[in-house]
Amino acid sequence: MSEHIIDINHLVKSFGDNSVINDLSLSVSKGEVVVLIGPSGCGKSTLLRCLNGLEPIQGGSVSLHGEAVEHGSAGLHKIRQKIGMVFQSYDLFPHMTVLKNVILAPVKVQKRDKAEATEAALALLDRVGLKDKADAYPSELSGGQKQRVAIVRSLIMNPDIMLLDEITAALDPEMVHEVLNVVLDLAKNGTTMMIVTHEMAFAEAVADRVVFLDGGVIVEEGAPAEFFHNPKTERAQRFLKTFTYSR
């Protein structure tokens, strides 16, 4: 792999007396797709929020291209422009069309030309099969369509890394595949990503590396084929048995 995009060193995160992440270290290289899996409450989503400076940390460090990511720091807004984050909830502005939702940040935050941003937005919407929905409002879209718009809204900022937090969790089963197909396409085209998911077959298909968390620590990590079909730790073996998972 090439240069590191994200470096996490001895990260500690707690909420009061509840320790969520315990001395965790991990790096993500350019073009790499790292998938985080583990039981609910193991720290997966909290870790992503720490990487984007959404949560203060109690120890260790997070850096993007060697630059510290610190909650509440003066330069955090500039760093966040390089980190795309997509949540379970779509967080689209209901009073704006799809196109206006997508171009808002590049025009207002990055000060890009509106015509250029519009052209880029339409190209991205076309890429995810939603160009014909550019003038629609969020209330007119399905859940899968809203999530694809949320992905486009992050992509248009040209981030160095995408953080995807359980982006199919709120979707009906028949809508899941259309969102996962978009992510698979991004992976094939070299987009650097960290993904939290409970979709095990998807994790195997998209990941370059699987990281299994439990109790706020990395229990096991490795190539997806090895992890899913020959897990080394007893804890990972027990976790995988809870899924009706097949190759």
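**Exercise 1. Find how strand 1 and strand 2 pair, and over how many bridges.**

Solution. 
- Strand 1 and strand 2 pair in the antiparallel sense, over 8 bridges. Pairing requires that DSSP finds at least two bridges between two strands. Strands are DSSP runs of E with at least two residues, helices are runs of H or I with at least four, and both are numbered from the N terminus.
- Now look at the turn. The two strands form a hairpin with 2 residues between them. Gly16 in that turn has a positive phi of about 65°.
- Check one pair. Phe15 has Asn18 as its bridge partner in strand 2.

This is a predicted model, in which local features need pLDDT of at least 70 and side-chain atom pairs count only at pLDDT 80 or more, while totals for chains, interfaces and linings use all residues. Residues are numbered from 1 along each chain as its sequence is written, and side-chain values use heavy atoms, leaving out hydrogens and water.

**Exercise 2. Work out the strand order of the open sheet and name its edge strands.**

Solution. 
- Start with strand 1 (residues 4-15). It is joined to strand 4 (residues 59-64) by 5 bridges, and the two run antiparallel.
- Asp7 is bridged to Ser63 of strand 4, and Ile8 to Val62 of strand 4.
- Go on to strand 5. Strand 4 and strand 5 run antiparallel and are joined by 2 bridges. In strand 5, Glu67 is the partner of Leu64.
- This is a hairpin as well, with 2 residues between the strands. His65 in the turn has a positive phi of about 55°.
- Assemble the order. The 4 strands form an open sheet, 2-1-4-5, with antiparallel pairing.
- The edges are strand 2 (18-29) and strand 5 (67-68), each pairing on one side only.
- Helix 1 (residues 44-51) packs on this sheet and touches strand 1, strand 2 and strand 4. A touch, or contact, means heavy atoms within 4.5 Å.

**Exercise 3. Decide whether Asn101 is buried or exposed, and find what surrounds Asn101.**

Solution. 
- Asn101 sits in helix 3 (residues 98-108).
- Apply the cut-offs. Buried means under 20% relative accessible area, exposed over 50%, partly exposed in between (1.4 Å probe, protein chains only). Asn101 has 2% relative accessibility, so it counts as buried.
- List the neighbours. Leaving aside residues up to four places away in sequence, Asn101 touches Leu92, Phe93, Met96, Pro138 and Arg153.
- Look at the polar side chain. One of its polar atoms lies 3.1 Å from the backbone oxygen of Met96.
- Widen the view. Helix 3 has the buried residues Val98, Leu99, Asn101, Val102, Ile103 and Pro106. Their cover includes helix 4 (114-127) and helix 5 (143-155).

**Exercise 4. Describe the whole chain: what are its helix and strand counts, and how much is buried?**

Solution. 
- The chain has 9 helices and 10 strands.
- Its radius of gyration is 18 Å, close to the 18 Å that the globule rule gives for 247 residues, so the chain is as compact as a globular protein of that length. The radius is taken over C-alpha atoms, and the rule is 2.2 Å times the number of residues to the power 0.38.
- Along the principal axes, the C-alpha atoms fill a box of roughly 55 × 45 × 35 Å.
- Of the 247 residues, 51% are buried.
- Consider contacts between residues at least 6 apart in sequence. Of these, 66% join residues at least 24 apart.

Methods:
Axes are lines fitted to C-alpha atoms, for helices over the stretch in contact, and angles run from 0 to 180 degrees between N-to-C directions. A polar contact is a pair of N or O atoms within 3.5 Å; within protein, one must be able to donate a hydrogen and the other to accept it, and residues adjacent in sequence count only if both atoms are side-chain atoms.
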